[in-house]
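Here is a friendly walk through one protein model, written for someone who would rather look at it than read tables. Keep the viewer open and follow along.

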Amino acid sequence: MASELIFRGHESQPITGDGAYSPKPPKPWLTATRPIHYLLREQRLIFILVGIAIATIFFTLRSPSSNTIQPIPIPDSYIPNELTQYQARSTQHFATGFGINSVGKIPLGLKRKGLRIVVTGGAGFVGSHLVDRLIARGDSVIVVDNFFTGRKENVMHHFGNPNFELIRHDVVEPLLLEVDQIYHLACPASPVHYKHNPVKTIKTNVVGTLNMLGLAKRVGARFLLTSTSEVYGDPLQHPQVETYWGNVNPIGVRSCYDEGKRTAETLTMDYHRGAGVEVRIARIFNTYGPRMCIDDGRVVSNFVAQALRKEPLTVYGDGKQTRSFQFVSDLVEGLMRLMEGEHVGPFNLGNPGEFTMLELAQVVQETIDPNAKIEFRPNTEDDPHKRKPDISKAKDQLGWEPKVALRKGLPMMVSDFRQRIFGDRKENASTQ
Ligand SMILES: NC(=O)c1ccc[n+]([C@@H]2O[C@H](COP(=O)([O-])OP(=O)(O)OC[C@H]3O[C@@H](n4cnc5c(N)ncnc54)[C@H](O)[C@@H]3O)[C@@H](O)[C@H]2O)c1
C-alpha cells in the first residue's frame with residue numbers, strides 16, 4: 001500500500017512524449033488569492049476582526065495620553081487626598097523632565113520606572129523618614145552619609161532591598177553618581193552637634209553643598225536644599241515670611257550653621273541662575289518625631305528624654321521664647337511636594353502653631369509625667385526669642401500645610417524614645 005506521504009500530483013499531471021514527468025506551471029493568481037480564501041473559510045476573518053477590536057480598546061484605555069496622567073502610587077497612609085494633583089504633576093514632570101520622551105507620553109507597554117534619588121544625610125532623623133517615603137513610592141534611593149549624627153539603625157529596615165543603597169561618604173569630598181534627583185540634607189542640625197566642630201559644620205554647608213550642586217549640574221539632576229529657619233537669625237519680623245532677609249550674627253557661636261546655610265542658599269541660587277540647574281530650597285522650622293537623636297540638645301528631644309528618665313525639664317531663660325513644632329511626616333510631605341512641583345522657593349516648611357517653652361513643657365508633662373519638674377537655666381548665646389513660620393506661600397504654591405498637631409505627634413515620638421531609652425532595660429527585666 002502506498003504511503004499517504006508520497007506525492008501523487010503527477011498522476012494528473014501531463015506526461016511528455018518521452019514519458020518523463022513535467023509539473024504543471026503554478027497559476028500566479030491562485031497563489032495570491034490563497035490567503036484570502038483561507039481567511040474567508042470557517043469564519044476566521046470574523047475572529048481576527050474581533051481580536052483587533054479588543055486589542056484596540058484595551059490599549060486605548062491603558063495608554064497614558066497627554067490629557068490623562070496616571071498618578072504615581074504613594075502607598076503611605078498619611079498622604080492627604082489633595083496630593084493627587086501633585087502626584088499627577090510629578091508624573092508629568094517625570095515624563096517630560098527625566099527623558100521618557102519630550103511630549104510627556106510614556107510609550108505603550110512601558111511602565112513608569114522609579115527615579116534614582118540621592119539623599120545626603122539620609123541616615124539622619126529627617127532623611128531616614130524621607131527615604132522611607134521615596135522607597136514606598138517605588139524609587140531607587142542612594143543614601144550618602146558619614147554617620148556623624150545619623151545611625152544605620154534608622155535605615156537598616158531597607159537593607160536587602162535592591163532599591164536601596166547606602167554609601168558611607170563625607171559630602172565635603174566630591175562624589176559622582178548617576179541620579180535624577182538630589183535631596184541635600186547632610187549637615188548636623190542640632191546646636192550641640194553643629195557647635196561641636198564649627199569649622200567642619202561650615203565646610204559641610206559650603207563645600208558639601210558645592211559638591212552636590214556640581215553633581216546636579218554634571219548629571220542634570222534636580223537639587224533640593226534643606227535650609228533652615230535659622231537663616232532668619234533672631235528675627236525682627238514676626239511671623240517670618242520668605243521675603244524677610246533675617247537678622248543674623250555673622251560672628252557668633254551659631255554662625256557656622258546660620259551663615260553656612262545662608263551661603264548654601266546663595267550657592268544654590270547661583271547654580272540655578274548661572275548654570276541652569278533645577279533647584280528647590282526649603283527653609284525648615286523646628287521638627288520633631290521618632291528617630292531624633294536622644295541627647296541632641298533640641299528642646300523637644302531634651303524634654304521628652306528628661307521626662308522619661310524622671311529628670312527635671314530644663315528651660316533656658318524665662319521660658320517665654322516661642323517655637324513652632326512640626327511633626328516629621330508633615331515635613332517630608334512638604335519636601336516631596338517641593339521637589340516634584342514647579343517652584344524654586346525658598347519655602348517655609350513648619351507648623352505655625354506657636355508654643356512658649358513653658359507651654360511645651362506642659363504638653364510633655366501631660367503626655368509623659370504630670371509630676372515632672374521644671375528647672376530654669378541661663379539662656380544660651382544668640383537663642384532667638386521668637387520663631388513662627390508664615391506658610392502662606394507653601395499653602396498657595398505647593399498646596400501644603402501641616403496636619404499633625406503637637407498633642408497627636410508627641411506620643412508617637414515618646415513611644416520611640418521610650419523604646420530606645422528603656423529597650424535594653426526591658427530586655428534585662430524580662431530575662432531576670
Ligand atoms: N530637624 C529640624 O528641626 C531641622 C530644622 C531646620 C533644618 N533642618 C535641616 O534638615 C537637615 C536634616 O536634619 P536632621 O534633623 O535630620 O539632622 P540629623 O543630624 O539627624 O541628620 C543629618 C544627617 O547628615 C549627616 N551628615 C552630617 N554631616 C555630613 C557630612 N559632612 N557628610 C555626609 N553626611 C553628613 C549626619 O550623619 C546625619 O545623618 C539638615 O540639613 C538640617 O540643617 C532640620
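## Ground rules and the first strands

Two strands pair if DSSP finds at least two bridges between them. Helices (H or I, at least four residues) and strands (E, at least two) are themselves DSSP runs, numbered from the N terminus. With that in hand, strand E1 (residues 116–120) and E2 pair in the parallel sense over five bridges. Threonine 120 has valine 144 in E2 as its bridge partner. On its other pairing, E2 is joined to E3 by five bridges, and these strands also run parallel; here valine 143 stands opposite leucine 166 in E3.

This is a predicted model: local features need pLDDT of at least 70, and side-chain atom pairs count only at pLDDT 80 or more, while totals for chains, interfaces and linings use all residues. Residues are numbered from 1 along each chain as its sequence is written.

E1, H4 and E2 make a right-handed β-α-β unit. A crossover is right-handed if, with the strands pointing away from the viewer, the path from the first strand over the helix to the second runs clockwise. Five of the six residues of E2 are buried, so E2 is largely enclosed by the rest of the structure. Buried means that 20 or more other C-beta atoms lie within 10 Å of the residue's own, exposed means 12 or fewer, and partly exposed is in between, with C-beta atoms placed from the backbone.

## The chain as a whole

The protein chain has 12 helices and 13 strands. Of its 432 residues, 38% are buried. Two residues are in contact if their C-beta atoms, placed from the backbone, lie within 7 Å. Among contacts in the protein chain between residues at least 6 apart in sequence, 76% join residues at least 24 apart.

## Around the ligand

Which residues are closest to the ligand? They are Gly121, Gly124, Thr149, Gly150 and Ala189, out of 29 residues that surround the ligand. A residue is near a molecule or strand if its C-beta atom, placed from the backbone, lies within 6 Å of it. Helix H4 (125–137), helix H6 (198–219) and strand E5 (222–228) are the elements that give two or more residues to this shell. H4 supplies the largest share, three residues.

By type, the shell holds 14 nonpolar, 13 polar and two charged residues. Here Ala, Val, Leu, Ile, Met, Phe, Trp, Tyr, Cys and Pro count as nonpolar, Asp, Glu, Lys and Arg as charged, and the others, Gly among them, as polar.

## Strand E6 and its neighbours

Six of the six residues of strand E6 (residues 279–284) are buried, so E6 is largely enclosed by the rest of the structure. Val279, Ile281 and Arg283 point one way from E6, and Arg280, Ala282 and Ile284 the other way. E5 and E6 run parallel and are joined by six bridges, and phenylalanine 223 has valine 279 in E6 as its bridge partner. Between E5 and E6 the chain passes through helix H7 (residues 255–275), in a right-handed β-α-β crossover.

E6 also pairs with strand E11 (residues 347–349), in the parallel sense over three bridges. There, alanine 282 has phenylalanine 347 in E11 as its bridge partner.

## Helix H7

After H7 comes glycine 276, whose phi is positive, near 70°.

## Backbone details worth a look

Most residues other than glycine have a negative phi, and most peptide bonds are trans. Histidine 238 and proline 239 are joined by a cis peptide bond, with omega about -10°; proline 239 is in the loop between E5 and H7. The bond from glycine 345 to proline 346 is cis too, with omega near 5°, and proline 346 is in the loop between helix H9 (328–340) and E11.

Phenylalanine 147 has a positive phi of about 60° and lies in the loop between strand E2 (140–145) and strand E3 (164–168). Phenylalanine 147 is exposed, with 12 other C-beta atoms within 10 Å.
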